[in-house]
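Biologist: I would like to walk through this model step by step. Shall we begin?

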Amino acid sequence: MTASATPAPNPRPSAPDRPEPAEPSIGKLVSDASEHLSTIIRGEVELAKLELRSSVKNAGVGIGFFGAAAVLLLFSLVYGFQSLAEGIAALGVYRWLAFLIVFLLQVVFAGLFAYLGIKKVKRVRAPERTIRTTKDTVGYLAKARKGRG
């Protein structure tokens, strides 16, 4: 029997030629965090764009439907007012007078709505509180910047 010349197993494998990785530097950590944060923010902005695009599209279609409804209502009012005038004429009033009555009613209501609209518009005020707080914030930031520089 011949003895084989196989080496005995080494209980501790030899370390590779490269050094063990050291802990990353603070600069590297800050750089990685900044990179990851900007990636997250870009992703959030893209998500917001997609959501807004869908919302704006739905709003646009909805506004279109409201516009179509308003146009149809406007056209139907002509027939409604004509029917009202014909109804007044059926009560025994001259036909031309019935149409004049309906016309004058429309003018009175248009004047009333214009008056109410003017009253509401006169109540519009500037957002004074928001303007004041914005000025305060700008002033504070200007002072803080002067203090640093």
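**A helix and its partner**

Modeller: Helix 1 has 65 residues, and its first and last C-alpha atoms lie 93 Å apart, close to the 96 Å expected at 1.5 Å a residue. Keep in mind that this is a predicted model.

Biologist: What percentage of the residues of the protein chain count as buried?

Modeller: Buried means under 20% relative accessible area. The protein chain has 149 residues, and the share that counts as buried is 3%.

Biologist: At what angle do the axes of helix 1 and helix 2 cross?

Modeller: Two packed helices are described by the angle between their axes and the distance between the axes. Helix 1 covers residues 26-90 and helix 2 covers residues 95-122. Their axes come within 8 Å, and the crossing angle is roughly 135 degrees.

Biologist: Which word describes how helix 1 and helix 2 lie to each other?

Modeller: Angles over 145 degrees count as roughly antiparallel, and 65 to 115 as roughly perpendicular. The angle here is roughly 135 degrees. Helix 1 and helix 2 are therefore oblique.

Biologist: Is the crossing of helix 1 and helix 2 left-handed or right-handed?

Modeller: Take helix 1 as it passes helix 2. The contact includes Phe81 and Leu84 of helix 1, and Ala98 and Ile101 of helix 2. The residues of this contact divide into nine nonpolar, two polar and two charged. As for its hand, the crossing is right-handed.

Biologist: Does Glu86 count as buried, partly exposed or exposed?

Modeller: Glu86 lies in helix 1. Beyond its neighbours within four places in sequence, Glu86 is in contact with Arg95 and Phe99. Because its relative accessibility is 31%, Glu86 counts as partly exposed.

Biologist: Which residue with a positive phi follows helix 1?

Modeller: Go to the end of helix 1, at residue 90. The phi in question is near 110 degrees, and the residue is Gly92.

Methods
Residues numbered from 1 in each chain as written. Predicted model: local features only at pLDDT ≥ 70, side-chain atom pairs only at ≥ 80, totals over all residues. Heavy atoms only, no water. Axes fitted to C-alpha atoms, helices over the stretch in contact; angles between N-to-C directions. Helix = DSSP H or I, 4+ residues; strand = E, 2+ residues; numbered from the N terminus. Parallel < 35°, antiparallel > 145°, perpendicular 65-115°, else oblique. Left-handed = near helix turned anticlockwise from the far one by under 90°. Contact = heavy atoms within 4.5 Å. Nonpolar A, V, L, I, M, F, W, Y, C, P; charged D, E, K, R; others polar. Expected span 1.5 Å × (residues − 1). Buried < 20%, exposed > 50% of the residue type's maximum accessible area, 1.4 Å probe, protein only.
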